[in-house]
Amino acid sequence: EVMAPPPGLDTGPWAFEVDPSAEQRLVSVFMKDVSPSVLCIGSPTGLHMAFDVENSRLAKAWRGRFLNAMGTWKGRAGALESPGSKDVVDLLDGFAVAPIERLNSPWPGAYSPINPGGLTTRSLGRTVHPDGAVTMRYTVGRLEISETLRPTRVGVRISKQEEPETRLGVERVFKVRMPRSGVGESVVARVAAARLFDRAGTGKWRVNGRQWPVYTVDKDSVRTVKLVEPKEHVQGNFGDSGSARPSVDGRHRGNSREVLRRGEKSLGLTELRIPVLMVPADDGTEDLVGTFSWSYAW
């Protein structure tokens, strides 16, 4: 005969609910469609994130209920977790920042399981800040990257007559360090990918003809950010020679603004990329440092 469990040990699914409403909560889990090493960051603001530690990338963001960790904590664990809300977005595959050959080169890890750049990544730890932000530190090739994640409100004006509409989203602040021996390499950040981009104000873009989501880059990056069409080198001709310089005009759709070069094939989407300005570090080392940020809400 099986005895009933003692009071307090009858743990139904509700007992594994993680509630960040009073303070920030960090939970390491296996997450469905991400990897076996994911740090879920729950915020009292109601904006939560999943950082893929194994692959050094922000994988998901969502609003509402945070997480039920029963699959991680009950029994032998090892089950795959999912965000606690359906108000969730999947962020771009591949690294957010990488050294690439050209501004429109295929992005490492973004278009196939094979990393075309041969780049490796390694986690360097994390720091939790008093204001609830979390800094994830990792390497991408020879780059050392500190990425600070925090909930924020992103605003955009729907019309000139109305007040800006704001939504809760995520701010990503980067500091990239590279040894001076890497001079000549291009360091680029990949903000967004879409079929269509529309300008929504200085440093702001909407995608695919919708009011939301909205991407906002920092004021310094506005001067360098580009809309480009990633291309890969292939054998044979894929159009006449010649090309147009990438631009940040009000609207950019597919390859309507650019003729493909010989021996190149478009990968199908337009991407918002930031060429990162690397300057000498001010800490007495021989390193180069670049800083930039962007915010996203949907």
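**Questions on a predicted model**

User: What pLDDT does the protein chain average, and what share of the residues score at least 70?

Analyst: This is a predicted model, and 79% of the residues in the protein chain score at least 70. Over residues 236-249 the pLDDT is below 50, although this stretch has 36 contacts in the model beyond near neighbours in sequence. Where pLDDT is low, the predicted coordinates should not be read in detail. The average pLDDT asked for, taken over the protein chain, is 84.

User: How many contacts beyond four places in sequence does the model have for residues 255-261?

Analyst: Residues 255-261 are a stretch over which pLDDT stays under 50. Beyond four places in sequence, the number of contacts that the model has for residues 255-261 is 24.

User: Is Thr139 buried or exposed?

Analyst: Thr139 belongs to strand β10, which covers residues 134-140. Setting aside neighbours within four places in sequence, Thr139 is in contact with several residues, among them Ser56, Thr120, Arg122 and Glu144. Its relative accessible area is 9%, and because the cut-off for this class is under 20%, Thr139 counts as buried.

User: Which residues is Ser82 in contact with, leaving aside its neighbours within four places in sequence?

Analyst: Ser82 sits in the loop between α1 (70-73) and β7 (88-90), and with a relative accessibility of 37% Ser82 is partly exposed. Computed along the sequence, Ser82 and Ala69 are 13 residues apart, while their C-alpha atoms are 8.9 Å apart in space. Once neighbours within four places in sequence are left aside, the residues in contact with Ser82 are Met31, Lys32 and Leu67.

User: Which residue in β3 is the bridge partner of Ser28?

Analyst: An open sheet of 5 strands, with antiparallel pairing, runs in the order β2-β3-β4-β5-β7. Its edge strands are β2 (25-29) and β7, each of which pairs on one side only, and neighbouring strands of this sheet are turned by 20 degrees against each other on average, direction ignored. Strand β2 is joined by 5 bridges to the antiparallel strand β3, residues 38-42. Within β3, the bridge partner of Ser28 is Leu39.

User: Which residue in β13 is the bridge partner of Ile100?

Analyst: Another open sheet has 4 strands in the order β8-β13-β21-β17, and the pairing is antiparallel. The edge strands here are β8 (97-100) and β17 (226-228), and the twist from one strand to the next averages 45 degrees. Between β8 and β13 (residues 186-194), which run antiparallel, there are 4 bridges. In β13, the bridge partner of Ile100 is Ser186.

Notes
Residues are numbered from 1 along each chain as its sequence is written. This is a predicted model: local features need pLDDT of at least 70, side-chain atom pairs count only at pLDDT 80 or more; totals for chains, interfaces and linings use all residues. Side-chain values use heavy atoms; hydrogens and water are left out. Helices (H or I, at least four residues) and strands (E, at least two) are DSSP runs, numbered from the N terminus. Buried means under 20% relative accessible area, exposed over 50%, partly exposed in between (1.4 Å probe, protein chains only). Contact means heavy atoms within 4.5 Å. Two strands pair if DSSP finds at least two bridges between them. Axes are lines fitted to C-alpha atoms, for helices over the stretch in contact, and angles run from 0 to 180 degrees between N-to-C directions. pLDDT is the predictor's confidence in each residue, from 0 to 100.
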